[in-house]
Every structure is written in C-alpha cells, then in structure tokens.
Amino acid sequence: MATEISSVGKNVILRKLFENSGYRNDAGAVFSGGGDFVSVNRIFLERVDFDLVYNPLKHLGRKLAMNVTGELYARMSGLKALNAVLGFSNRFSYEDVRDLWEGILSVVREHSASSVSLDLIPSASGLVVGLSAYGERDRRLSSSMPEPKSKDLIVLSGDLGAAYMGFHVLEREKAAFSGSKGTVAPKQPDLSGYRYVVGEYLSPELAPGIPSEFEKAGIIPSRGYFMTHGLGEAVKRISADTGLGVKVYIERLPIASKTMETARELNIDPITAVVNGGDDYRLLYVVPIAFHEILRRDFQNWDIIGHLARPEAGEVLVTPEGAEIGIHAQGYE
C-alpha cells in the first residue's frame, strides 16, 4: 500500500532515505583547492524530459544522475559531490520518493562521490528533478589542454542509435496500450525482443573513471562532450566551439545489430537515428592525432569516427564512396 508523503513528513523522509546509506545529508563538498572547480546544473521536467508511463522511478533517478555525471566526465573531471532537489505533487507516495532517490544514490556510490545532499519540495506540475554535480579537474591538465587543430581525431565511447530505437518501441507500445483501454483484454506491452534498445534508453551506463584512464595514458583531449541529443548536435557544438570543420565517416559509426534490426522493423533509417536521435549517453572527445597509436592500442573499446577539418569543409558525413553529406541537427535549422 502506498504511503502518502504528507503522512510521513519531509524531515522523517529525509532521515529515512539517508539511514544506512553511508552518507550524511550534507550540501558542503570539500575541495583540495589545487584544481579547477567544475559544476553542472540541470532541471528535468515530467512530460518534457521523461514520461513516467514507461520510466520506472529507480531507473529514472539513475539515468538523470548519470546525465550530470557524464557532463563532468566530458570536462575531464570526476564526480565529487551531487546535490538534488526533488519536487513531488500529491499523486506521489513515499515509496516513489524512495525509489527515485535509490537510483540517484546508486550513481553517487558507483562514481565515488564524497558528498551528497537532498531536499524535497512540493510541485504543482508533477515530478521535477533538479541536480547539481560538482567536480575538480587537475589544474595542470587545464593548462596543458592543446588547441584543437585540423586532423584532430574524434573518438567515441560506444555505439549509437540504440536509445532512440528504444524510445520509439516504448512509444509504440504505449500507444497500443492506450488505444486498447476499455476493452476486455487491453493490449499489454511486449518488450521481449527489445531488451538491448529499451535498456539503452531507460538505464544507460557510464563506466566510472574515464577521465583518469585518459590521464594515465597521457592523452589530453582538446574538447569533450557528453552526447544526449544525437551525434548531429554534438558535431555542431564541436564546430562552433573550435571554429573548424568536422568530418564523420559513416562506415566508422558503431551501430549495434539490435539497433539495425529494430530500425528496419520501425522503418527508420539508422543513420538518421544516430544523427538526430538522443539519449545515447556517450562521451565524445577531440584528441590530437599524435595519440592515434595509443588510442588504437590501449582504447580498443573506443571508436575513432572522424576528425576535425578546415573551416570551409563544414560539418559532413562522409559515405564509403567518398561523397560528403551535410549534417543537419535538430534544433539548429
């Protein structure tokens, strides 16, 4: 039976959520002072950034905490502290608060944050999640970051397009279920053949310690990006930030077989899904070409998908035949 939030009270809930967690509810993080302070702030809104029809709250909490952690990793910083402000309307229960918080806390533990805080506020518009993540980047790293140049490599941490396919499968099943309401036997969602793509959308993963792995190898990226809105949007940002062109090679794009299979079933071009899709939760670094051999030898789970080019090249996809296709990301044209 669900427990009304008002019947427990804010202070009691906060105490319960931190019991046996290994953390205190402490908004103050201790920084060494020897590095550059890095912060990321995000607000996520129900029916805008997520749909609770098919996003379990524990998975959602983990995914949103991973979002801000990934942004720190893109800036070559680890997660040192995370502050959360959660807004709930009266249709949510104490158990809902607990599940969402458990998902957030799992990322705090996994990525070795030393401090975490939580506040609860009322909301008149469903669920609202505000997250602030803090990190510290070695100052020597900041001062030695190279200037981006033509021929610098673009390296990617995983395959693309799966989350976009998972989202479309979930939307399809949601529509089928909603359309069958009122019948004797409403159509139940069938996700049995879509475990990979649905999992990539609902609960993406991010390997801990990525920045330190690059540092140990002596690789210092000139730019870093956390992809959550598709490859096209990331490429546009790279070009805008560096003032250079970007060439991405279609034959080098990593696309999982399950993603290809689902794309064919849904009649969606997989390259369109990669360029304009979202929620892939992948890291994209721009790395000097001098590190090519180290990347090839020691980072075999990363893909070199393209390189920077002269400004007049623009932002293009290069086909296996050598033709160049302009990248048009959603939200830019």
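Predicted model: local features only at pLDDT ≥ 70, side-chain atom pairs only at ≥ 80, totals over all residues.
## Contact and cover

Two residues are in contact when heavy atoms of theirs lie within 4.5 Å.

## The protein as a whole

The protein contains 12 helices and 11 strands. Its C-alpha atoms fill a box of roughly 60 × 60 × 35 Å along the principal axes. A compact globule of 333 residues would have a radius of gyration near 20 Å, and the 21 Å of the protein agrees with that.

Of the 333 residues, 51% are buried. Among contacts between residues at least 6 apart in sequence, 86% join residues at least 24 apart.

## Surface and charge

About 15,700 Å² of the protein is accessible surface, and carbon and sulfur atoms account for 51% of that area. The side chains include 36 positive and 42 negative ones. The centres of these two sets are 3 Å apart.

## Helix α4

Helix α4 runs over residues 94–110, which makes 17 residues. From its first C-alpha to its last it reaches 24 Å, close to the 24 Å expected at 1.5 Å a residue.

The buried residues of α4 are Tyr-94, Glu-95, Val-97, Leu-100, Trp-101, Gly-103, Ile-104, Leu-105, Val-107 and Val-108. After α4 comes Ser-112, which has a positive phi near 60°.

## Helix α3

Most of α3 is covered, with 16 of its 18 residues buried. Just after the helix, Met-76 has a positive phi of about 65°.

## Glu-71 in α3

Glu-71 belongs to helix α3. The relative accessible area of Glu-71 is 9%; the cut-off for a buried residue is under 20%, so Glu-71 counts as buried. Neighbours within four places in sequence aside, Glu-71 is in contact with Val-40, Arg-42 and Phe-226.

Key: Residues numbered from 1 in each chain as written. Heavy atoms only, no water. Helix = DSSP H or I, 4+ residues; strand = E, 2+ residues; numbered from the N terminus. Expected span 1.5 Å × (residues − 1). Buried < 20%, exposed > 50% of the residue type's maximum accessible area, 1.4 Å probe, protein only. Rg over C-alpha atoms; globule rule 2.2 N^0.38 Å. Areas by Shrake-Rupley, 256 points an atom, 1.4 Å probe, with all protein chains shown as cover. Lys, Arg positive; Asp, Glu negative; His and termini not counted. Charge placed at Lys NZ, Arg CZ, Asp CG, Glu CD.
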